[in-house]
Amino acid sequence: LPEDAQAATGDDIMDPGVAKQLELRYLRRFTGDQFRITTRWSISRNGLLCGAAAAGLEQFNPLYQDVGPGDCYTLTYDPGSVRASRPSRVTLALNGVQLGSVEGAEFSRAIFSVWFGP
């Protein structure tokens, strides 16, 4: 959620109309494959691996890289703007370097469910 926003419920965090950012700092090593396997498994377990979410995951999973102690992934969601013809987008960055992004509110809900549930 934006810095000045307050989430009252889990639904607020998962709302695809709300911008959000999740920062994860690592204390140990993980491989890109570990992230890919766990992400797919978590989204499936949450019942969200279908349609646009599955297609988005095919684009997103290759972005994962190996990390080590001190590395930081940042997952950002911009809900976009219909008036400005700007689609919603999930972006992944590692240590401040953007790795790529995937469009779609359905994918946003799926990827954030890895940490916050369905």
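## Charges over rings

A charge sits over a ring if NZ of Lys or CZ of Arg is within 6 Å of the ring centre and within 35 degrees of the ring normal. Lys20 meets this over the face of Phe112, 5.8 Å from the ring centre. Arg28 lies over the face of Phe30, with 4.3 Å to the ring centre.

## Basis of the values

The structure is a predicted model, in which local features need pLDDT of at least 70 and side-chain atom pairs count only at pLDDT 80 or more, while totals for chains, interfaces and linings use all residues. Residues are numbered from 1 along each chain as its sequence is written, and side-chain values use heavy atoms, with hydrogens and water left out.

## Aromatic pairs

Nine aromatic pairs are found in a search of the whole structure. Rings of Phe, Tyr and Trp (its six-membered ring) pair if their centres lie within 6.5 Å; planes under 30 degrees apart count as stacked, over 60 as edge-to-face and the rest as tilted. Phe35 and Tyr64 are stacked because their ring centres are 5.2 Å apart and their planes are at 15°. This pair links distant parts of the chain, 29 residues apart: Phe35 is in helix α2 (residues 32-45), and Tyr64 is in the loop between α3 (51-60) and β2 (72-78). Helices (H or I, at least four residues) and strands (E, at least two) are DSSP runs, numbered from the N terminus.

Tyr64 also pairs edge-to-face with Phe60, at 5.4 Å centre to centre and 90° between the planes. Ring pairs join Tyr26, Phe30, Phe35, Phe60, Tyr64, Tyr73 and Phe107 into a cluster.

## Burial

Buried means under 20% relative accessible area, exposed over 50%, partly exposed in between (1.4 Å probe, protein chains only). Phe35 has 12% relative accessibility and therefore counts as buried. Tyr64, at 7%, counts as buried, and Phe60 is buried too.
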